[in-house]
There are 2 protein chains.
Amino acid sequence: MAEPIKLGIIGAGLAVKQLHWPALQRLRANYTFVAVADVDQHKAQEIATLTGAERVYTDYRELLALSAVEAVLLALPIHLTAPITLDAARAGKHVLLEKPPGANLEQARQLKEQLATLPITTLVAENFRYRPNLQQARRILSEGGLGELILLKLHSVSRANTDDPENFAGTPWRHDTQYRGGPILDGGVHHAAALRLLGGEVEWLQAFTKYGGSKLGGTTTITMNLRFRSGALGTYVYSAVCHDEQSSFLGLTLYGSAATLLVDNDALRLSRPGQAPETIPVEADPGYYGEFLNFYQALREGAPVVSTVEQSYRDMELILRGLDSAEQAQVILL
Amino acid sequence: MAEPIKLGIIGAGLAVKQLHWPALQRLRANYTFVAVADVDQHKAQEIATLTGAERVYTDYRELLALSAVEAVLLALPIHLTAPITLDAARAGKHVLLEKPPGANLEQARQLKEQLATLPITTLVAENFRYRPNLQQARRILSEGGLGELILLKLHSVSRANTDDPENFAGTPWRHDTQYRGGPILDGGVHHAAALRLLGGEVEWLQAFTKYGGSKLGGTTTITMNLRFRSGALGTYVYSAVCHDEQSSFLGLTLYGSAATLLVDNDALRLSRPGQAPETIPVEADPGYYGEFLNFYQALREGAPVVSTVEQSYRDMELILRGLDSAEQAQVILL
């Protein structure tokens with residue numbers, strides 16, 4: 001086996017602690033941790049202790065100056081992602097960055113173009129692209145198990161807990177947002193990834209939005225209609241301010257001409273008219289392991305990056321063009 | 001008690017047999033049946049036998065010529081409703097007509113205007129306006145039980161059984177449609193009634209549609225976004241070609257700022273964050289009894305008609321403007 005990746009971590013918040021670290025622990029042979037940077041020294045130290053990293057910085061530039069760091073994991077507030085990704089890439093580091101790849105489309109587009117000129121590998125931590133349930137759904141669909149796809153439904157309705165600082169909706173940068181769309185961008189890019197993964201490229205979209213009702217900044221409820229290039233329709237609803245008893249973050253159903261597939265966390269449910277539904281168990285994995293493994297294989301084995309900046313940019317575009325549609329009362333051709 | 005209404009029935013198909021007759025049986029003191037007309041004499045005779053009507057015609061004009069008939073029930077293929085309603089009204093008969101009140105908006109508008117000049121009472125058999133579950137939901141909402149209404153969801157997905165002639169989707173006039181919208185108009189006006197009853201008037205709408213996949217004529221799947229004048233959002237999906245295990249014809253949820261209300265046939269389910277959900281039983285009544293009682297009370301007691309031609313026209317407008325939106329790729333201001 002090739003050498004482990006010598007990783008630096010920039011941003012030591014909830015994502016690293018709650019989402020990335022459990023996955024990285026399963027990849028101990030693939031990663032060693034060199035340094036951690038965060039404006040909050042206490043948080044940086046906490047992640048350093050967890051990962052065994054020996055160096056702690058409050059200025060990420062010091063971390064980027066270390067020749068011992070070959071790649072960085074960026075888990076930052078949305079508005080900081082693009083500039084610091086570019087700094088890291090210019091310092092010659094490979095970058096695994098959190099989604100979305102910018103605070104707005106123009107910034108993300110510029111980042112995409114600038115990265116293309118630099119000899120480094122980037123992967124966006126869009127875990128939905130690595131989720132076994134979505135991968136399995138995609139397989140069933142592409143093998144014709146549902147017939148022609150007619151309608152894709154993704155409805156994610158829940159009231160975000162904004163009071164608990166150990167909850168993502170409780171982080172201050174999500175309340176005082178320096179990016180458009182608030183939770184609809186932040187959470188919505190995951191949904192967009194799922195919609196595009198399963199429905200293919202979107203041709204037309206339209207949305208209405210509603211603001212407020214939460215400490216979360218910006219738009220808090222969106223209803224979006226989609227028409228995919230394939231001719232399939234899509235209905236996407238995301239609300240961070242409405243309570244739903246049965247809600248999951250991924251309330252996803254694929255309606256085909258022959259069968260319907262309900263996608264849960266740990267199982268898919270396939271049903272056909274007049275037949276008993278079939279439950280297909282899947283690994284209840286959020287996809288973080290897959291993204292870190294893909295990053296390793298991309299750097300060490302030349303494997304293609306699954307979750308590219310380009311893909312993530314298009315996810316972001318879907319959401320932000322939805323906001324345009326709502327503001328301009330227009331149907332938008334992507 | 002005042003005299004029963006002397007009713008003639010024009011159109012002796014499934015609606016009269018399966019939907020109206022069970023309700024009319026509970027109103028035996030309010031209605032007597034004079035005559036039945038249908039192009040199919042066998043069907044007319046069947047309903048005459050059921051109701052005790054002594055006269056059977058294959059030409060409805062003969063029924064309208066009877067002075068013993070004071071009111072008629074029209075249950076006809078959609079494209080015949082407006083002209084025959086007008087004939088009945090001109091013959092001086094009060095009319096209870098099936099929805100929608102025309103084969104297209106222009107025809108329905110003309111009917112509305114012509115009826116306004118005639119001294120008769122009309123009621124559209126939009127049973128959703130009389131359903132106890134919707135009435136109860138409306139009461140809870142108007143009393144502030146959900147807080148501010150944020151999002152109204154109505155999703156009705158099921159694969160219509162087009163092969164059984166005793167099923168509504170099996171009737172020939174629904175396969176060889178002489179009206180726009182197919183099942184989306186025919187069934188959709190019920191949904192539009194529910195959406196307007198609970199959300200109030202719609203300000204903006206947008207839809208995408210998909211054709212085919214069924215013997216049913218015309219559009220078979222629609223996704224519609226709504227923005228009500230109140231600022232609440234709506235998501236409406238109707239498909240007659242997709243299978244849904246958990247589907248009901250009325251898959252309705254109201255999301256408020258304080259609570260969420262799931263509307264089932266025989267119960268409402270009220271849930272608030274952090275509290276055990278509350279089940280509120282309601283009478284599982286489809287509303288046909290209520291519409292015939294309202295017609296009686298309107299004729300005999302001067303009660304206001306709840307389901308007017310104007311209301312039904314606006315339900316129809318919501319659906320047909322949705323089809324316009326899909327065809328023109330435009331957001332539509334109602």
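In the predicted model, helices α6(B) and α9(B) meet through Leu134(B), Gln135(B), Ala137(B), Arg138(B) and Leu141(B) on the α6(B) side and Ala194(B), Leu197(B) and Leu198(B) on the α9(B) side. By class, this contact comprises six nonpolar residues, one polar residue and one charged residue. Helix α6 spans residues 132-142 of chain B and helix α9 spans residues 188-199 of chain B; their axes come within 9 Å and cross at roughly 25°. Because angles under 35 degrees count as roughly parallel, α6(B) is described as roughly parallel to α9(B). The crossing of these two helices, α6(B) and α9(B), is right-handed.

Helix α9(B) also packs against helix α11 of chain B, which is formed by residues 309-328. The axes of α9(B) and α11(B) come within 8 Å and cross at roughly 110°. This angle makes α9(B) roughly perpendicular to α11(B), since the range from 65 to 115 degrees is classed in that way. From α9(B), the residues in contact are Gly188(B), Val189(B), Ala192(B), Ala193(B), Leu195(B) and Arg196(B). They meet Gln311(B), Arg314(B), Asp315(B), Met316(B), Leu318(B) and Ile319(B) of α11(B). The contact of α9(B) with α11(B) divides into seven nonpolar, two polar and three charged residues.

In chain A, helix α1 (residues 14-25) and helix α2 (residues 41-51) pack with their axes 11 Å apart, at an angle of about 20°. The helices α1(A) and α2(A) are therefore roughly parallel to each other, and their crossing is right-handed. Val16(A), Lys17(A) and Trp21(A) of α1(A) are in contact with Glu46(A), Ile47(A), Leu50(A) and Thr51(A) of α2(A). Four nonpolar residues, one polar residue and two charged residues make up the contact of α1(A) with α2(A).

The interface between the two chains was examined next. Chain A and chain B each place 44 residues in the contact. The area buried between chain A and chain B is about 3600 Å², and carbon and sulfur atoms give 62% of it. Within chain A, the residues that lose the most area to chain B are Phe208(A), Lys210(A) and His243(A), which together account for 19% of what that side buries.

Side chains of opposite charge can pair when their charged atoms come close. Over all chains, 44 salt bridges are counted, and four salt bridges are found across the interface of chain A and chain B. A salt bridge joins the side chains of Lys210(B) and Glu148(A), with an N to O distance of 3.0 Å. Within chain A, the side chains of Arg109(A) and Glu106(A) form a salt bridge at 3.3 Å, N to O. Both Arg109(A) and Glu106(A) belong to helix α5 of chain A, which covers residues 105-116. The two residues, Arg109(A) and Glu106(A), are three residues apart, about one turn of the helix.

Several backbone features lie in loops. In chain A, Lys99(A) and Pro100(A) are joined by a cis peptide bond, for which omega is about -15°. Pro100(A) is located in the loop between β5 (94-97) and α5 of chain A. In chain B, a cis peptide bond links Lys99(B) to Pro100(B), and omega is about -15°. Pro100(B) is placed in the loop between β5 (94-97) and α5 (105-116) of chain B. A further backbone feature concerns Ala329(A), a residue other than glycine whose phi has a positive value, near 50°. Ala329(A) is part of the loop between α11 (309-328) and β15 (332-333) of chain A.

Definitions and conventions. Residues numbered from 1 in each chain as written. Chains lettered and ligands numbered in written order. Predicted model: local features only at pLDDT ≥ 70, side-chain atom pairs only at ≥ 80, totals over all residues. Heavy atoms only, no water. Axes fitted to C-alpha atoms, helices over the stretch in contact; angles between N-to-C directions. Helix = DSSP H or I, 4+ residues; strand = E, 2+ residues; numbered from the N terminus. Parallel < 35°, antiparallel > 145°, perpendicular 65-115°, else oblique. Left-handed = near helix turned anticlockwise from the far one by under 90°. Contact = heavy atoms within 4.5 Å. Nonpolar A, V, L, I, M, F, W, Y, C, P; charged D, E, K, R; others polar. Buried area = accessible area lost by both parts, 1.4 Å probe.
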